[in-house]
Amino acid sequence: MSRLVVISNRMPLGDNPSGGLVVALRDTMEEQGGLWVGIAQGDEADQSGAPQSPVPRLQDHPGLSFDRKCLTVPPELYDDYYLGYSNSVLWPLCHGRTDLIDLQQRYRKAYIEVNRRLAKAVALYLKPDDRIWVHDYHLFPLADALREEGVLNPIGFFLHIPFPSAANVGALTHVGELAKWLAAYDLVGLQTNRDVASCLEVFRTLPGAQMLMDGSIRYRDRMVDLKSFPIGIEAKAFGQMAARTCGQSTLADDDSKLVIGADRLDYSKGLPQRFLAFDHLLETRDEWRGRINYLQIASPTREDVQAYREIREELEQLSGAINGRFSDIGYTPLQYLHRTVDRNRLAGLYRNAKVGLVIPLADGMNLVAKEYVAAQDPADPGVLVLSGFAGAAEQLGEHALIANPYDSHQMAECIHKALSMPLTERQERHAALLENVLSEDVAWWANSFLKALRDKAMDEDFLQLLAQLREGQSPLKPVEAS
Ligand code: GDG
């Protein structure tokens, strides 16, 4: 079987790496003996090759059953590529925050340069039948750069965050560039059907792009397939972990009800909106005062970017105001933790919470929604309150309570409804949600993508064969007369 080469900005490090993407692909990689390539910032002299070598070398990270290699990028270049173009241009663009885009020429240059270096380095290690799977917005241009290096292998791309609308893509000075980068892949995987529609719309507005009957796109001399592959979690194992750890994860008195949120502290996650809705709930439904606790875990992220510093300040002010208003002796309604909690503990906390509050303004999928469902006790489950703007709403929207992050009153009423919901309704909703989370889990996601990439590669081989036949060249060897 051909080898799988996974390429992502961050690579699984350590001897026992965890994280959604690693878990998703570990079994496949172990089975097939794959290669994982990532990027790290550091001194180029750390690399095994000469620092000024025209072809950057990859550094080995032995220790797992699949190979790991890393491209080292000098800190200044890395910052412009990662904090700059990736997280101050593409991230806000894809999350509908064009007002936060910070377009600087040096960011775009660094972004293209890092992708070019990565392509040059990776090309040296590729075998002709490798299948390549590139992940996320840091690496949009990678296939294009690999094609420049003469790589003909099948290359798939998966975007973990939302695809931007055609109107917002206009905020990029070089709109056609994104389409050219995407068209260099054979398969582009997106989280939801809504993302596929947005991506098609972007191509539709470009001269020279053709939409084909089978849903694929011809752009310039390339054909690319677009499909949605909603990412899942390792649901069964997560549920078992939650059942094991819930005893050590109690927070409030038995009498009070826990509402939980767990997110990176990102402006796309709708955290101020949740705080305002909680404030509204305590204001308008005073039966809950003294009886509910809202725990919001907000793990630190990208703190060198201004927009992230601003949202942190906003949350500190809001949480102080809410607690100042509704606290009593022995009662603090809102616990806002600006830190990361151990994963075992987090699973137990989800299980103890009566409400899972997952209210992003924009989100590719949102794994917390799926983790919350997987963690519940089916006999006495909590209720998922989910934003319609999370990708997860396409799969879970029918059985979760859908809240609008822009409407504090409606969100507060959803929380009230969730806290008051009778057991049988909670059980019915949870059973339907769990069925989806268990069946469309992370292995299902990885296998569906890789199968589609394999099928696409086979189609291309077949088309090549047809083209040869049409041109009168026989792909078959002539049989010699005996
Ligand atoms: C991107 C896309 C897409 C959170 N706090 C703690 C903690 N977490 C874990 C959660 C979950 C993960 O972080 C967050 O995943 P999300 O999916 O919610 O969001 P992003 O980080 O923005 O991920 C997203 C995802 O990629 C996958 O494709 O769904 O849309 O934006 O696993 O549990 N984990 C621990 N402590 C915390 O305090 N241990």
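This is a predicted model: local features need pLDDT of at least 70, side-chain atom pairs count only at pLDDT 80 or more; totals for chains, interfaces and linings use all residues.
Now step back for the overall view. The protein has 482 residues, and 54% of them count as buried. Its chain forms 16 helices and 16 strands. If you take the contacts with a separation of 6 or more, 77% of them are between residues 24 or more positions apart.

Where does the ligand lie? Both domain 1 (4-232 + 443-470) and domain 2 (235-439) give residues to the shell around the ligand, so the ligand lies between the two domains. There are 22 residues around the ligand, and the ones that come nearest are His160, Val341, Asp363, Leu367 and Glu371.

Let's zoom in on some atoms. A polar backbone atom of Val341 is 2.5 Å from a nitrogen atom of the ligand. Asp363 uses its side chain instead: one of its polar atoms there lies 2.5 Å from an oxygen atom of the ligand. With Asn366 we're back to the backbone, where a polar atom is 2.9 Å from a ligand oxygen. As for cover, the ligand on its own has 740 Å² of accessible area, and the protein covers 85% of that. Strand E12 (292-299), helix H11 (343-352) and helix H12 (367-375) are the elements that give two or more residues to the shell.

Two of those elements are helices, so let's look at each. H12 is mostly covered, with eight of its nine residues buried. Its buried residues are Val368, Ala369, Lys370, Glu371, Tyr372, Val373, Ala374 and Ala375. Glu371 is also one of the residues that come nearest to the ligand. At the start of H12 you'll meet Asn366 again: a side-chain oxygen of this residue reaches to within 2.9 Å of the backbone nitrogen of Val368.

Which residues of H11 are buried? They are Leu346, Ala347, Gly348, Leu349, Tyr350 and Arg351. Helix H8 (235-245), strand E11 (257-264), E12 and H12 are included in what covers them.

Next, follow His160, another of the residues that come nearest to the ligand. Its side chain makes a polar contact with the side chain of His135, at 3.0 Å. You'll find His135 in strand E5 (residues 131-135). Is His135 buried or exposed? Its relative accessible area is 1%, and buried means under 20%, so His135 is buried.

One last stop is Leu13, in the loop between strand E1 (4-7) and helix H1 (20-32). Leaving aside residues up to four places away in sequence, Leu13 touches His61 and Arg68. Leu13 and Arg68 are 55 residues apart along the chain, and their C-alpha atoms are separated by 8.6 Å.

Key
Residues are numbered from 1 along each chain as its sequence is written. Side-chain values use heavy atoms; hydrogens and water are left out. A residue is near a molecule or strand if one of its heavy atoms lies within 4 Å of it. A polar contact is a pair of N or O atoms within 3.5 Å; within protein, one must be able to donate a hydrogen and the other to accept it, and residues adjacent in sequence count only if both atoms are side-chain atoms. Accessible areas come from the Shrake-Rupley method with a 1.4 Å probe; for residues, only the protein chains shown count as cover. Helices (H or I, at least four residues) and strands (E, at least two) are DSSP runs, numbered from the N terminus. Domain bounds come from an automatic or database domain assignment. Contact means heavy atoms within 4.5 Å. Buried means under 20% relative accessible area, exposed over 50%, partly exposed in between (1.4 Å probe, protein chains only).
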